[in-house]
Amino acid sequence: MENGIIFQAYEWYLSDEGGYYKDMVLKLDELKEIGVTAIGLPPVYKATGTNDVGYGTYDLYDLGEFHQRGSVRTKYGTKEELKYLISEIHKREMSVYADVVLNHKAGADRAERFEAVLVDEKDRTKEVGEVHEIEAWTAFDFPGRGDTYSKFKWNYNHFTGVDFDNLTGTKGIFRIIGENKGWSLGVSGEKGNFDYLMFADIDLSHPAVVEELKAWALWFIDELDLDGFRMDALKHMDKVFVKDFLSHIKEAKGDKFYILGEYWSNNEEENNRFLEEIDFKSDLFDVGLHFNLHQASQNSGDYDLRQIFDGSLVKSHPSQAVSFVDNHDSQLGQSLQSWVAPWFKEIAYGIILLRKEGYPCIFYGDYYGTKGENPQEGLKDKIDILAKVRKDFAHGEQQDYFQSTSSIGWVRLGDEDHPHKCATLISSGDSDTIKMFLGEEEAGKIYADFTGNSQEKITVDDEGYGAFQVGPGSISVWVEDGTKL
Ligand code: CA
């Protein structure tokens, strides 16, 4: 969808009282109003408990329907409430993307004994000690759900590794021993082999597992009437499985079914290779751009803004790139903490929302604020303006004016359906002026800064140029004065 926006509708520290789905329904109108076209939901299936964000996945078929892990509902509410939220999203002609966690399972019903070997946490290809019997939580019987939707029950044969031995009380990464067992070879080479991330690591080369997960995916899509998937933790999953799984979905649901992957690497080569290996069947979060935004926000004045897109997907694969500023993992206190500093947030949102390249994703925590030990304020009012400018004025050809290390600008020249032009400037240092060309037909028109950061009015000269301004460490977005958002 042209100028679409994804809204990642959760942060790490949402209340676990179960009212989330009902709360989200009340937010849909304002999100629609600013141009959001897709809602990205948190993991909606039963996890280890109602205090689990959802990544400690217990039962993929329990969407808040069965009494398991201490409750019927998930952290977010019941399946009925979830279905109602989805119907309300669709009623507003927005899409629904669900989070899909297939790397691991947690909160097993029983422990089992089997052979395993401890590996070096820093290099998982190195064994530490001998193969021996351990006891770990790997049996999933789903007593509350029984055989409803699927008869499949999980046991240690369906996993590659665990992180705890009950017999000795040893914490560490254990590789499970067995026929055709071992870390997947098609994963990131970080830490020797990054198959293992957390909990009980799913063996994605086990034929019965593959069959079960493929069947589940189609059930999940139909059960909730989903429009897309966000694939979690792809860096830790077998590429052969990922490609096969995505082809299976596309074949069944068509190319319109949207797939977005989380491959957490800012190594451009690794990202490009991954996209090739999965045959470009998924878009990816632009982790490279996120780290550039983070870095620019850390080095005020020292960072060369002209390099803000270097190594990013919006530069190398613009049609596969989902640009984002922060998310539930990069936020303060989380596992991949790399928070874009508050002074740079509005600028960063200007960068993802007003450029031609990329499908931007607004983070709930940036919009409504985050809770937790170090709560952060939301930038709703500022993001509202930038998102509406994206919807109405950020169209057509884009011309860059990457003037200096601390100030860059670009114009969007509009198109047939969107005749207005829009000039964006950002500064990470002093205030600055950049002369940018809008077109001779704009001569004499007066432009104003829609962000409200500058109170000036700029008159376009006879040749169609405007000498646009930006304040120190700020953003200004110039559109013809009097135009309504
Ligand atoms: Ca894995």
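Reader: Which residues line the largest cavity?

Author: In this predicted model, the lining consists of Ile6, Gln8, Tyr10, Gly40, Leu41, Tyr97, Ala98, Asp99, Arg230, Leu260, Phe285 and Cys361. Each counts as lining because it has an atom within 4 Å of a grid point of the cavity.

Reader: What makes this space a cavity, and how many does the structure have?

Author: It is called a cavity because a 1.4 Å probe fits there but cannot get out. The search over the whole structure returns three cavities of 30 Å³ or more. The largest cavity holds about 100 Å³ of space.

Reader: Which elements give two or more residues to that lining?

Author: Those elements are S1 and S5. The biggest share comes from S5, which supplies three residues.

Reader: What is the lining of the largest cavity made of, by class?

Author: Eight of its residues are nonpolar, two are polar and two are charged. Gly40 is in the lining, and Gly counts as polar under the classes used.

Reader: Where does the second largest cavity lie, and how do you know?

Author: Domain 1 (6-102 + 207-392) and domain 2 (105-202) both contribute to its lining, so this cavity lies between them. Its volume is about 60 Å³. The lining is formed by Asp59, Leu60, Tyr61, Lys105, Phe142, Arg145, Ser150, Phe152, Trp154, Glu212 and Trp216. By class, that gives six nonpolar, one polar and four charged residues.

Reader: Which domains give residues to the second largest pocket?

Author: Domain 1 (6-102 + 207-392) and domain 2 (105-202) each supply at least three residues to the lining of that pocket. The pocket has 23 lining residues, with Leu197, Met198, Asp329, Ser335 and Leu336 nearest its centre. Ten of the lining residues are nonpolar, six polar and seven charged. The space inside is about 470 Å³.

Reader: Why is the arrangement around the calcium ion called irregular?

Author: The six donor atoms subtend angles of 47 to 164°, which makes the arrangement irregular. To count as octahedral, six donors need opposite atoms over 155 degrees apart and all other angles between 65 and 115.

Reader: What are the donors of the calcium ion?

Author: They are Asn103 (OD1), Asp195 (O), Asp195 (OD), Asp201 (OD), Asp201 (OD) and His236 (O), at 2.3 to 3.0 Å. Along the chain, the donor residues follow the spacing N-x91-D-x5-D-x34-H. Asn103 and His236 link distant parts of the chain, 133 residues apart. Asn103 sits in the loop between strand S5 (95-100) and S6, while His236 sits in the loop between strand S12 (228-231) and helix H4 (239-253).

Reader: Why do S15 and S16 count as edges of the eight-stranded sheet?

Author: Strand S15 (321-322) and strand S16 (361-363) each have a single partner strand, so one side of each lacks a neighbour in the sheet. The sheet is open and parallel, in the order S15-S14-S13-S12-S5-S2-S1-S16.

Reader: How do you know that S1 and S2 pair?

Author: Two strands pair if at least two bridges join them. Strand S1 (residues 6-8) and strand S2 (residues 38-40) have three bridges, in the parallel sense. For Gln8, the bridge partner in S2 is Gly40.

Reader: What makes S9 and S11 a pair, and in which sense?

Author: Strand S9 (residues 159-165) and strand S11 (residues 200-202) share two bridges and run in the antiparallel sense. Phe159 has Ile202 as its bridge partner in S11. Both strands belong to an open, antiparallel sheet of six, ordered S6-S11-S9-S10-S7-S8. Strand S6 (104-105) and strand S8 (132-139) are its edges, each pairing on one side only.

Technical notes:
Residues are numbered from 1 along each chain as its sequence is written. This is a predicted model: local features need pLDDT of at least 70, side-chain atom pairs count only at pLDDT 80 or more; totals for chains, interfaces and linings use all residues. Side-chain values use heavy atoms; hydrogens and water are left out. Helices (H or I, at least four residues) and strands (E, at least two) are DSSP runs, numbered from the N terminus. On a 1 Å grid over the protein atoms alone, a cavity is a set of points where a 1.4 Å probe fits but cannot get out, and a pocket is an open set with protein on both sides within 12 Å along at least five of seven lines; lining residues have an atom within 4 Å of a point. Grid points are joined across faces, edges and corners, and a volume is the space filled by probe spheres set on the points. Domain bounds come from an automatic or database domain assignment. Donors are N, O and S atoms within 2.8 Å of the metal (3.2 Å for Na, K and Ca); water is not among the atoms, so sites may look incomplete. Four donors count as tetrahedral if all angles lie between 85 and 135 degrees; four count as square planar and six as octahedral if opposite donors are over 155 degrees apart and all others between 65 and 115; anything else is irregular.
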